[in-house]
Amino acid sequence: MAAATAGQRGARVLVVDHNDEPGRKILISGGGRCNFTNIGTVPERFVSANPHFAKSALGRYTPADFLALIEKHGIAWHEKTLGQLFCDGSAKQIVAMLMDECLAGHVSFAFGQAVRDVAHGDGRFRVTVGSIVHEAPALVVATGGPSIPKLGATGFAYDLARRFGMKVVEPRPALVPLTLGQGEALFRELSGVSTEVVARAGPAAFREAALFTHRGLSGPAILQASSYWRHGEAVGIDFAPDAPAGWLRAAKRAQPRTTLKRLLPVPERLAVALVEQLGVAGDLGNVPDKALEAAEVRLGDWRFTPNGTEGYAKAEVTVGGISTAELSSRTMEAKKLPGLYAIGEAVDVTGWLGGYNFQWAWASGWAAAQAIAER
């Protein structure tokens, strides 16, 4: 995005990628259909040490702007739940579109070649690729974070930032399944069971599906909460998000011969496990109100304390990265080193699940390109 935009505005651009082909993360996204943006994009749906940093770029290049590009290239799309936009066809269409845009900007490429060295002096950057040294007045770091290393992802951006004296907010896996210890073995035995919940971590709450796995917890609600979760903290799960206050006591009065297992709005295997943990068996009419009150409270905020995550191998993105304090929010340029830019996932800006991280990539790339073209 940065290359195409800068190239079309007259800059001479070289894209260096150690992968043999472009956009490998794009190709696997959205089940191969690429959830390329979210029409609900607002800065509040991004995690960063500076919650205001993303406002400028996101406000200047919006989902509507990217959608106009999609439609210009004749790519059919559809909206799924929660504002998520996907290709009707294949994520390959997004990569092809971006490559066509680069072609229009006369962008050059060096694929399958690792960067051996990056140096700076006399106002110019020197990047050694293979046996060739390329020189330019501007260098854009768009190498993402270490999530999904099998696709070639590394912490290269952080190493480069530190080399040039820039601070890095400690990175950690995000949008990632959480793992449970032996004490939660009962729930690990429910592997494959999914149900709609509200999942809470830190200041955030998400109503979507949660999925029990053989290692712990996953599903959209859990992936969302994982971006806010810190090691040692609990995750709260509301298993009855539509239930009003006092619902169990009301059910006891109305249907004294019904059971908690029948009332729970979850799959039967999970209902059995929850009832076993709560110790509320038999007809509700035989259960004291205090026990029902306690069960209601726990079902509304069931605490799990994960012992970790499934790590960068399964994480869709990375929280943390190059500190926003080091960058201009308008241009993405390093404050201490003119000509150096950092964009996308390499920066400490991480979006929610559902197209937000792509929109940050497009917007931050566009913002940097505008500044480069005006140099």
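Strands here are DSSP runs of E of at least two residues, numbered from the N terminus. By that rule T128 belongs to strand β8, which covers residues 124-129. The model is predicted.

**Helix α5**
- Helix α5 runs over residues 92-104 and has 13 residues.
- From its first C-alpha to its last, α5 reaches 18 Å, close to the 18 Å expected at 1.5 Å a residue.
- Six names make up the buried set of α5: I94, V95, M97, L98, E101 and C102.
- An α-helix has 3.6 residues a turn, so residues three or four places apart point the same way.
- K92 and L103 are exposed and lie on the face of α5 turned away from its buried side.
- After α5 comes H106, which has a positive phi, near 55°.

**Packing of α4 against α5**
- Helix α4 spans residues 63-72, and its axis comes within 11 Å of the axis of α5, with a crossing angle of roughly 90°.
- Because angles of 65 to 115 degrees count as roughly perpendicular, α4 is roughly perpendicular to α5.
- On the α4 side the contact is made by F66, L69, I70 and K72.
- On the α5 side I94, M97 and E101 make the contact, and these three are also among the buried residues of α5.
- By class, the contact of α4 with α5 has 5 nonpolar and 2 charged residues, with no polar ones.

**A3 in helix α1**
- A3 lies in helix α1, residues 2-8.
- The relative accessibility of A3 is 11%, and buried means under 20%, so A3 counts as buried.
- Leaving aside neighbours within four places in sequence, A3 is in contact with V13, V15, C102 and V107.
- A3 and V140 are 137 residues apart along the chain, and their C-alpha atoms are separated by 9.1 Å.

- T128 has a relative accessible area of 14%, and the cut-off for buried is under 20%, so T128 is buried.
- Not counting residues up to four places away in sequence, T128 touches A114, V115, R116, D117 and V133.

Terms used
Residues numbered from 1 in each chain as written. Predicted model: local features only at pLDDT ≥ 70, side-chain atom pairs only at ≥ 80, totals over all residues. Heavy atoms only, no water. Axes fitted to C-alpha atoms, helices over the stretch in contact; angles between N-to-C directions. Helix = DSSP H or I, 4+ residues; strand = E, 2+ residues; numbered from the N terminus. Parallel < 35°, antiparallel > 145°, perpendicular 65-115°, else oblique. Contact = heavy atoms within 4.5 Å. Nonpolar A, V, L, I, M, F, W, Y, C, P; charged D, E, K, R; others polar. Expected span 1.5 Å × (residues − 1). Buried < 20%, exposed > 50% of the residue type's maximum accessible area, 1.4 Å probe, protein only.
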